[in-house]
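Reader: Hello! Could you take me on a close look at the side-chain contacts and strand pairing in this model, with the geometry spelled out as you go?

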Amino acid sequence: MSPELDILAPTLSDKIRARHCDRQAVVYVRQSTLRQIEHNRESTRLQYALTDRACQLGWRPEQIVVIDDDLGRSAASALDRPGFQRLVAEVGFGHIGLVLGIEVSRLARSCRDWHQLLEMCALFDTLIGDADGIYDPSLYNDRLLLGLKGTMSEAEIHILKARMLEGRRAKAQRGELVLGLPRGYVLKPSGEVALDPDEEVQEIIRLVFTLFERRRSVSGILRYLVDHDLRLPDRIRRGPHKGDVHWTRPNGQMLRNPLYAGAYVYGRRTYDGRLRRPGQPHSGKRFLRDPKAWKVLHQGARPAYIDWDTFERNQEQMAANRARHTGLPRGGPALLGGLVACGVCGRRMCVTYNDDGREARYACNQMATTYGAPQCQSISARPVDEHVSALMLEALSPSAIEVSLQVAEDLELERQQRRRHWKQRLERAIYEADLARRRYEAVDPSNRLVARTLERDWETALTAHQTLESEHQRALAHEPDRLTPEEQAAVLRLAEDIPALWSAASTTARDRQTIARTMLDRVVIHLQGATERAEIACHWAGGVVTRHEVIRPVRRFEQLANFDQLLARAVALRTTGETAEQIAARLNAEGYRPAKRSAFNAPMIRRLLQRHGHGTTRPIWSGKVPRADDEEMTLQEVAEQLGAHRQTVYGWLRRGTLKGRLAQVGTQRIWLVKLADRPIARIQPTD
């Protein structure tokens with residue numbers, strides 16, 4: 001080779017200089033999975049043997065550092081590899097002269113991480129070595145070759161993943177891919193999925209789904225299981241007790257698994273890298289709740305605890321229970337909280353409470369709170385709730401007796417399920433104690449090393465059995481007694497009077513709200529301007545829509561839709577000489593109603609006429625004025641005679657300028673004065 005070519009192609013000795021050997025040499029060791037560490041031991045041994053290669057290249061043993069923090073971690077990303085991050089940091093500090101790996105794929109499977117390492121090594125004069133040779137990233141040819149190796153490494157992992165994923169999808173399309181079974185199912189040696197053979201396990205699984213049908217919330221199930229000290233079964237998957245049943249604290253995740261409805265499902269989750277959290281490689285997944293979006297769905301492919309329709313109803317109920325949906329009642333006396341929609345903009349109306357939570361209102365204020373727009377609609381909850389309650393009671397009356405009988409039957413079935421579960425728990429405890437006894441009796445008595453252990457196991461099993469017996473007795477003591485025939489008859493009589501049951505003190509607001517959510521999908525409210533009239537559209541469960549008119553309280557008489565007609569009628573009755581009490585009675589009989597109350601009274605009539613200038617010409621009293629003589633006059637009559645305001649005349653009376661007396665007129669007391677006792681000339685200047 002000519003000297004010119006020798007300069008263009010540096011030899012191994014030319015790349016490794018004294019400045020490199022003065023720094024450390026790092027041997028990077030990595031295996032992708034724990035399974036590879038356990039079974040592919042030769043690859044791990046070869047990587048650790050690179051320390052000898054570093055010694056051959058000129059580094060002393062004390063200068064060689066082995067970084068094996070990433071054993072069992074994938075090289076797809078540097079986020080979850082503390083060893084790789086440590087390697088890059090040491091290169092950046094200028095502490096490393098050589099990085100050794102068995103191959104490029106051990107260092108990185110991502111071009112982003114690989115080229116970052118190359119940039120750092122080129123900048124800080126660090127060499128990279130693998131089984132093929134030593135490379136200097138600052139040289140163009142070596143940099144090009146290293147870049148090509150990194151690209152091939154990333155393509156290789158992509159091809160392997162795609163091949164395995166395609167094989168998994170093909171197996172899933174046939175319904176043969178089993179990635180894990182929920183509680184209540186086991187995998188037979190033949191590969192067939194079957195219900196758990198343990199009757200107690202099956203019973204508690206069925207109880208969970210039965211409870212959800214009745215309580216309609218996951219929290220309701222959990223409260224029931226905790227109150228009755230019931231636990232959920234799990235099969236131990238690893239260890240010496242593999243396959244045994246382990247009872248754990250209850251949770252509601254099993255309600256979302258379609259396998260309980262007998263369906264084989266694959267591809268229920270989608271991955272979004274933006275949601276992945278550092279240090280949690282399995283995060284970033286979202287559940288697809290729409291079955292049409294699942295990649296594989298084979299109904300009826302597995303044994304089931306519930307049918308598919310029940311599973312879909314459960315999913316709809318859990319979706320409705322979320323905070324942003326209607327869900328279950330969340331406190332407060334408002335009957336239709338979460339069910340009321342605005343008839344103007346279509347948005348859901350929220351519930352607000354006044355008067356220390358006693359007065360509720362339905363208000364559509366989303367645009368007001370978000371954009372500062374005017375409030376859309378607002379109405380008192382009381383008239384709407386009363387009207388809807390009457391409609392619900394009317395709909396419930398025909399089936400009241402059947403409902404009461406069904407409730408009694410459900411309570412008895414629930415009691416029987418709890419007792420069966422306790423019986424099965426006791427049977428299991430007796431079996432475990434008997435098994436421990438047989439093991440103790442089968443051991444050689446002279447082998448005390450084993451006999452003592454088996455004796456302790458027997459005593460532990462007996463203690464667990466006695467404890468469970470005590471808990472069973474306490475549960476029976478707290479269990480409510482069965483209804484006697486007289487109590488059942490009383491329930492039937494009460495069921496015949498649904499309004500009394502609805503308004504009973506024992507019926508809580510939450511009970512009424514739950515019934516409303518069972519019968520109604522939503523209630524749309526549309527106010528007719530500022531008047532007292534409102535229209536509600538009740539969307540009943542099943543699709544029926546009924547429309548009704550509701551009268552709401554308003555602030556002023558002038559807001560009434562028939563105010564002009566009301567005022568004209570009151571003025572007409574006033575001109576005929578009728579008293580305020582007589583006018584109020586006539587208006588009530590003719591169907592007129594005030595703004596806030598259910599009926600007119602005399603003070604309302606006086607205020608109404610006075611406000612609109614019809615009460616000053618002649619006072620309206622509820623009876624005849626008891627005058628002592630013709631000279632006695634009322635304050636209004638004095639004001640008209642002197643041309644003064646009524647309040648001015650009353651001020652003269654308070655200051656003593658006028659003298660008078662109080663007279664009883666019906667239910668009122670009025671002042672009567674005599675002008676003859678006080679000259680008019682003396683009165684007027686005083687004012």
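Author: Gladly, and let me begin with the strands. Two strands pair if DSSP finds at least two bridges between them. Strand β15 (residues 350-354) and strand β16 (residues 359-364) run antiparallel and are joined by 5 bridges. Please keep in mind that this is a predicted model. Within this pairing, T352 stands opposite R361 in β16. Strand β16 is also joined to strand β17 (residues 377-380), again antiparallel, through 4 bridges. There, C364 has Q377 in β17 as its bridge partner. In a regular strand the side chains alternate between the two faces of the sheet.

Now to the aromatic rings. A pair of aromatic rings is described by the distance of the centres and the angle of the planes. The count of aromatic pairs comes to 7. One of them is formed by Y185 and Y305, with 5.5 Å centre to centre and 90 degrees between the planes, an edge-to-face arrangement. Y185 lies in strand β6 (residues 185-187), while Y305 lies in the loop between β13 (296-298) and α13 (308-320), so this pair ties together parts that are 120 residues apart in sequence. Both Y185 and Y305 are buried. W308 and F311 form another aromatic pair, this one tilted, at 5.0 Å centre to centre and 35 degrees between the planes. Helix α13 holds both W308 and F311, which are 3 residues apart, about one turn of the helix. W308 is buried, and F311 is buried too. Returning to the tyrosines, Y185 and Y305 belong to one aromatic cluster together with F209 and Y260.

Rings also meet charges here. The charged end of R81 sits over the ring of F84, 4.3 Å from the ring centre. Likewise, R425 lies over the face of W422, and the distance to the ring centre is 4.7 Å.

That brings us to the salt bridges, of which the structure holds 29. D125 and R23 form one, with their closest N and O atoms 3.9 Å apart. This pair links distant parts of the chain, 102 residues apart: D125 is in the loop between α9 (111-123) and β4 (127-130), and R23 is in the loop between α3 (18-21) and β1 (24-28). D125 and R23 are both buried.

The side chains of R86 and D69 meet in a salt bridge as well, at 3.5 Å from N to O. R86 lies in helix α7 (residues 82-92) and D69 in the loop between β2 (64-67) and α7, so the pair ties together parts that are 17 residues apart in sequence. R86 counts as partly exposed, at 36% relative accessibility, and D69 also counts as partly exposed, at 37%.

A further salt bridge joins R661 and E632, where the closest N and O atoms are 2.7 Å apart. R661 belongs to strand β22 (residues 660-665) and E632 to strand β21 (residues 632-634), so this contact ties together parts that are 29 residues apart in sequence. R661 has a relative accessible area of 32% and is partly exposed, whereas E632 is buried, with a relative accessible area of 5%.

Finally, salt bridges can form a network: D434, R437, R438 and E441 are linked in this way.

Technical notes:
Residues are numbered from 1 along each chain as its sequence is written. This is a predicted model: local features need pLDDT of at least 70, side-chain atom pairs count only at pLDDT 80 or more; totals for chains, interfaces and linings use all residues. Side-chain values use heavy atoms; hydrogens and water are left out. Rings of Phe, Tyr and Trp (its six-membered ring) pair if their centres lie within 6.5 Å; planes under 30 degrees apart count as stacked, over 60 as edge-to-face and the rest as tilted. Helices (H or I, at least four residues) and strands (E, at least two) are DSSP runs, numbered from the N terminus. Buried means under 20% relative accessible area, exposed over 50%, partly exposed in between (1.4 Å probe, protein chains only). A charge sits over a ring if NZ of Lys or CZ of Arg is within 6 Å of the ring centre and within 35 degrees of the ring normal. A salt bridge is a side-chain nitrogen of Lys or Arg within 4 Å of a carboxyl oxygen of Asp or Glu.
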